[in-house]
Amino acid sequence: MATATTLMLDTDYLIEHLFWQHLDLIPDRDAARDLAAKLYPEPLQVLHLGEAELARLGPILDELVSRTETGQDAAGYFRAQALLFSVLEAVAPHVRQVPVAVLPLTSRQRAARIAAPRWQRFRPVRREAARVAALMHDDITQPWRLDHLAAHACLSKSQLTRVFRESFGVTPLVYLSMLRVQEMARLIRETDLLIAVITERVGWCYHSGCATRAFRRYMGVTPIHYRHYGPPSASQAGPGVGAHHGVKSANESAKQPVGRGIAVELSTGQMP
């Protein structure tokens, strides 16, 4: 007898963990998706974990199946995550990778991150920096100047720049540009407002060209291109399409329906 358990894992979920695993090397999640395609070019791998490991995973898989069949509260959700990580911990060492050289991020790439680069070292945020960041979050349309922000923090302009950079990795005005670009991207995705209206709504003058330059720097494309096509590496089929096509090609001969994701099949028991 043999018992087979199939886990369907969305590739976005796995790529998100790859991004966090290599946070000091990958500038964004699009780059993480590209890295995943290089690390795992094989559309299908057969892994041999061994009877002892499969016997250990049996009860974990049984509980994971039972917990994911119905709705979950907060405690049940985290328990399911813990069970899944136990399975991935056992599977990951057996997955074959292609060696890929990944160069460290340059200072320009670090500065261009939309999210706060302080994630890299988990430094505590100075209260003065947090106060200034909160001011800009509360009203990104204000024409904030460095001397105004420094006055709110009771610091000199040079002191504020140093303290803010230590906490967030960028200067206050660069941080403000990031916030505006984030809001622009959200409005472009979620509304039908004209780009000119969105630009002025986030605090920029449309005719100055500042919005287009900043948006291109942080998002990689112009606002108009972003509205029509999304980020540079976006696909109509959604993130993870490369892995999906690879699995589909491997299963076409068997005429099996394939969902968007990666299938991991683990078998326990004794084969006849």
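A residue counts as exposed when its relative accessible area is over 50% and as buried when that area is under 20%, a convention used in the legends below for this predicted model.

View 1. C154 is found in the loop between α7 and α8, and because its relative accessibility is 69%, C154 counts as exposed. The phi angle of C154 is near 60°, which is a positive value in a residue other than glycine. E128, which lies in helix α6, is by contrast buried, with a relative accessible area of 18%. Although E128 and C154 are 26 residues apart along the chain, their C-alpha atoms are separated by 7.9 Å. Leaving aside neighbours within four places in sequence, E128 is in contact with A153 and L155.

**View 2. Helix α8 and the helices around it.** Helix α8 covers residues 157-168, and its 12 residues reach 16 Å from the first C-alpha to the last, close to the 16 Å expected at 1.5 Å a residue. The buried residues in α8 are L160, T161, V163, F164, S167 and F168, and they pack against α6 (127-138), α7 (146-153) and α9 (172-190). An α-helix has 3.6 residues a turn, so residues three or four places apart point the same way. After α8 comes G169, whose phi is positive, near 85°.

View 3. The largest nonpolar core has 35 residues, of which M136, F164, Y175 and F215 touch the most other members. At least two residues of this core come from each of α6, α7, α8, α9, α10 and α11 (210-219), and α9 gives the most, with nine residues. Y175, one of the residues that touch the most other members, is in contact with A133, M136, H137, F164, F168 and V170 when residues up to four places away in sequence are not counted. Apart from this core lies another, of 14 residues, among them L49, L61, A80 and L84. In soluble globular proteins, nonpolar side chains tend to be buried together.

**View 4. The pair formed by helices α3 and α4.** The axes of helix α3 (residues 51-68) and helix α4 (residues 74-91) come within 10 Å and cross at roughly 150°. Angles over 145 degrees count as roughly antiparallel, and α3 and α4 are therefore roughly antiparallel to each other. The crossing in which α3 passes α4 is left-handed. On the side of α3 the contact is made by E53, R56, L57, I60, L61, E63, L64 and R67, and on the side of α4 by G76, R79, A80, L83, L84, S86, V87 and A90.

**View 5. The buried threonine T199 in helix α10.** T199 has its place in helix α10, which spans residues 195-201, and because its relative accessibility is 2%, T199 counts as buried. When residues up to four places away in sequence are left out, T199 touches M184, W204, C205, Y206 and A211.

**View 6. The protein as a setting for the close-ups.** The protein has 13 helices and two strands, and 33% of its 272 residues count as buried. Among the contacts between residues at least 6 apart in sequence, 64% join residues at least 24 apart.

Notes. Residues numbered from 1 in each chain as written. Predicted model: local features only at pLDDT ≥ 70, side-chain atom pairs only at ≥ 80, totals over all residues. Heavy atoms only, no water. Helix = DSSP H or I, 4+ residues; strand = E, 2+ residues; numbered from the N terminus. Expected span 1.5 Å × (residues − 1). Buried < 20%, exposed > 50% of the residue type's maximum accessible area, 1.4 Å probe, protein only. Contact = heavy atoms within 4.5 Å. Core = buried A, V, L, I, M, F, W, Y, C linked by side-chain atoms within 4.5 Å. Axes fitted to C-alpha atoms, helices over the stretch in contact; angles between N-to-C directions. Parallel < 35°, antiparallel > 145°, perpendicular 65-115°, else oblique. Left-handed = near helix turned anticlockwise from the far one by under 90°.
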